[in-house]
Amino acid sequence: MKHKYHAKRTTCAAGHPHPSRAEAKRCADLHLLQRAGVISDLEFEPQYWFAVNGVQLKHENGRRIGYKPDFRYRENGRIVVEDVKGVSVRDWPLRRAVFLALFPDVDFREIRK
């Protein structure tokens with residue numbers, strides 16, 4: 001099946017499958033940075049759930065609302081979250097804004113391909 005944004009599933013040099021070549025390339029780069037000791041605790045697609053005043057945000061159908069970035073790691077003691085973007089989908093600006101408001105201590109980075 002073809003991806004609607006023409007992305008090609010690709011396996012990175014570390015052997016992880018990714019939905020796009022750009023994401024696979026970034027994963028390989030992050031693995032090199034981790035081996036060099038620049039970053040640590042590299043994770044793939046960690047889940048963040050959105051809650052306001054202790055109340056979980058949900059869709060009308062009951063599904064929780066959240067965000068799953070491509071990567072999370074530690075750099076200079078700070079948690080960094082990265083998302084590799086080739087195409088900004090319709091809900092991306094809103095999801096990004098909510099994430100930034102709810103998780104102000106996380107260093108967010110959007111990598112444009």
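A residue counts as buried under 20% relative accessible area, as exposed over 50%, and as partly exposed in between (1.4 Å probe, protein chains only). Thr-10 is therefore partly exposed, with a relative accessible area of 22%. The model is predicted: local features need pLDDT of at least 70, side-chain atom pairs count only at pLDDT 80 or more, and totals for chains, interfaces and linings use all residues. Residues are numbered from 1 along each chain as its sequence is written, and side-chain values use heavy atoms, with hydrogens and water left out.

**Thr-10**

- Thr-10 belongs to strand β1, residues 10-11; strands (E, at least two residues) and helices (H or I, at least four) are DSSP runs numbered from the N terminus.
- Leaving aside residues up to four places away in sequence, Thr-10 touches His-16, Pro-17, His-18, Ser-20, Arg-21 and Ala-24, where contact means heavy atoms within 4.5 Å.
- From Thr-10 to Asn-61 the separation is 51 residues in sequence and 33 Å in space, C-alpha to C-alpha.

**The sheet**

- An open sheet with mixed pairing is built from four strands in the order β3-β8-β9-β10; two strands pair if DSSP finds at least two bridges between them.
- The edges are held by β3 (40-44) and β10 (107-112), each with a single partner strand, so one side of each has no neighbour in the sheet.
- On average, neighbouring strands of this sheet are turned by 20 degrees against each other, direction ignored.
- Strands β8 (residues 71-75) and β9 (residues 78-85) pair in the antiparallel sense over five bridges.
- Tyr-73 has Val-80 in β9 as its bridge partner.

**Helices on the sheet**

- Helix α1 (residues 21-35) lies across β3, β8, β9 and β10 and runs at about 160 degrees to β3; axes are lines fitted to C-alpha atoms, for helices over the stretch in contact, and angles run from 0 to 180 degrees between N-to-C directions.
- Helix α2 (residues 92-102) also packs on the sheet, touching β9 and β10, and its direction makes about 155 degrees with that of β10.

**Nonpolar cores**

- A nonpolar core is a set of buried Ala, Val, Leu, Ile, Met, Phe, Trp, Tyr and Cys residues joined through side-chain atoms within 4.5 Å.
- The largest such core has ten residues, among them Cys-12, Ala-24, Ile-39, Tyr-73 and Val-80.
- Two or more residues of this core come from each of α1, β8 and β9, and α1 gives the most, with three.
- A second, separate core has eight residues, including Phe-50, Tyr-67, Trp-92 and Phe-99.
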